[in-house]
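Let's take a friendly walk through one model, starting with a single residue and ending with a sheet.

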Amino acid sequence: MKLLLVEDEALLRHHLHTRLSEGGHIIEAVADARAALQHAADATFDLAIVDLGLPGLSGLELIRQWRAQGRVFPILVLTARGSWQDKVEGLAAGADDYMVKPFQFEEVEARLGALLRRASGFTQPTIVAGPLSLDLNRKQATLQGEALVLTAFEYRILEYLMRHHQQVVAKQRLMEQLYPDDGEHDPNVIEVLVGRIRRKLEVADGFKPIDTVRGLGYLFTERCR
Amino acid sequence: MIRSLRFRLMLAGALLAVLFMLGLLPALQGAFSLALRESVEERLATELTTLVSAARLQNGQLEMPVPMPDERFEVPAERSLSYVFDRQGALLWHSPGSPLPEYSPQYDGQGNRFSRFTARDGEAYWVYDVEVKLLGGQRAAFSFVAMQSVEPYQRTLGALRDRLYLGFGAALLTLLVLFWAGMTWSLRSLRRLSHELDEIEAGQREGLSEHHPSELLRLTRSLNRLLASEGEQRQRYRDSLGDLAHSLKTPLSVLQGIGETLAGRAAQGEEGKHASILRGQVARMSQQIDYQLQRANVRHGGLVRRQVQVRPVLDSLAASLRKVYPGKPVNLHIVLAPPGLLPIEEGALMELLGNLLENAWRLCLEDISVSLSVIGQRLELLLEDDGPGIAPEQRGRILQRGERLDRQHPGQGIGLAMAQDIIRSYQGTLAIEDSPLGGARFRISFAKV
């Protein structure tokens, strides 16, 4: 998943960036609200983590502006004070959950996972589509009850497509799930990866859930729950 | 000790007026009595002049005309009694109806004398005694005496005293009523000041107005300065606490992260043990900071005693909790006795209810009930749920700082201790009981304002 991290403290930003990247997410990390507004305008994010105590434009104001602009991605708030006044203000401004500093990373991961599942309409940590199921916590796919061996990139693509099932997903959006930077990358990589996923899934009685929509992108046709 | 300023002033005014009148009364009475006595003397003298001019000396003997030239001497009356004595004191003549006098004049050549004489029967008289030498003969010297009972004089004096008392009483009453009215008018400004202070305490007003008498302006301006500086100080205090929290807890988050990384790399051995100590200490420091900062933040305010509507606070907390726990459908029943106010600052109430409600939200099956009722002079807030409840032996311990009975749930361990601190700082009480819903019931009670 592609996450936007807004934290002014460089060490904490670096730490969260590293740990979240290790968890298989693509992270854009910025130090203030102005940069965050700019990034959110330039790219699509699946979730944002916002520190409330930002210098200049506050985290609260940033959330309000995003919601006013119609941005619907879930927002996890980090707050130092942890008073109910702050939590209620943050949630009322448009945040979806809060974490009080200092936090355990496992808890951040759990909250992130819950928010991402909720955003894509799933309440359980497992997404099921026919014979295929995806354990979001363990990042493990299972086909007909047997573990499916996927590379990290393949898993990311499959998870993204399943989260956005029955929607056409542009190649560019899938590229953003793989590479954090805006650099030039060969778009054929996506075709190669999708081809490999298809072959691994077809093992189960010709299971073909991924369609190519010419000129637009890919469509996960199977209904996920 | 008389506490009312108005009563004190009234008492002082009434005392002053009574003392003034008590001093004035004898002086007035004395002056009137003197004037009355002089008028009696004057009348008796006039009568005697008439009598002397009517008297004739015939062969050395006194002769009084019959009838007398002035009918006053013919009518038996109590008002004036007239007598003529010779120089030896023998009665020669008396006006008709006059009883025989016990008075005997002393002819001593001294002339006129006005005096008071008391008869044996106790009756008192004014006596005017004139020594007259008719035609200059030594042998023709007489004492002409006019007498009048003192009783009418005393009656007049008594009537005057009665009128004086009545008049002074009425004057005192009028004076007190006027004094009361004047004081009400003067003290109205103090009442207005007290009313404005009530409004400040209730949080409806920021400072005192400028419409006060000049004698009070210095006081009201000083109070306004004090209020403003207290408000600024509180705001600065809150801002500093916020900054302090941010500047302490962000590095702690970094340390926590480093601890986790170290623990991940060296799960076994000495390094793993150090990493675990580091994480434990960070968690402890963080909890202490949370507790002390929040405690300082929700301390009881100075002059301003706000009353807060409980309903909006509960609604915003419930909206937040529904967002944070989306997978848990909770029925929140709220029954608040009108006007639904609690005498506590909004931030403190939000902290108090937030901590208790989140606990209930996490632990309940599906029902939470919050009710506010007025019991005599106290306001009672009940917060209960249908969760597992709290065993009686754990109730005392659970309110201690940092205690957590539900370590399997995420959250901070200072919530209940914070709630208890807030309740204490507003002179309230907290009790944990069994709820009829099946879970725990928190009974919070505050004195009514």
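Ser189(B) sits in helix α2 of chain B, which spans residues 151-201; helices are DSSP runs of H or I with at least four residues, strands are runs of E with at least two, and both are numbered from the N terminus. Because Ser189(B) has 15 C-beta neighbours inside 10 Å, it counts as partly exposed; buried would take 20 or more other C-beta atoms within 10 Å and exposed 12 or fewer, with C-beta atoms placed from the backbone. Beyond its neighbours within four places in sequence, Ser189(B) is in contact with His212(B), Pro213(B) and Leu216(B), contact being C-beta atoms, placed from the backbone, within 7 Å. Pro213(B) is 24 residues away in sequence, yet the C-alpha atoms are 6.9 Å apart.

This is a predicted model: local features need pLDDT of at least 70, side-chain atom pairs count only at pLDDT 80 or more, and totals for chains, interfaces and linings use all residues. Residues are numbered from 1 along each chain as its sequence is written, while chains are lettered from A and ligands numbered from 1 in the order in which they are written.

Now for the sheet. Five strands of chain B form an open, antiparallel sheet in the order β4-β3-β7-β6-β5; pairing requires at least two DSSP bridges between two strands. β4(B) and β5(B) are at the edges with a single partner strand each, so one side of each lacks a neighbour in the sheet.

| Strand | Residues |
|---|---|
| β4(B) | 91-94 |
| β5(B) | 113-118 |

Three bridges join β3(B), residues 81-86, to β4(B), and Tyr83(B) stands opposite His94(B).

Notes
Two residues are in contact if their C-beta atoms, placed from the backbone, lie within 7 Å.
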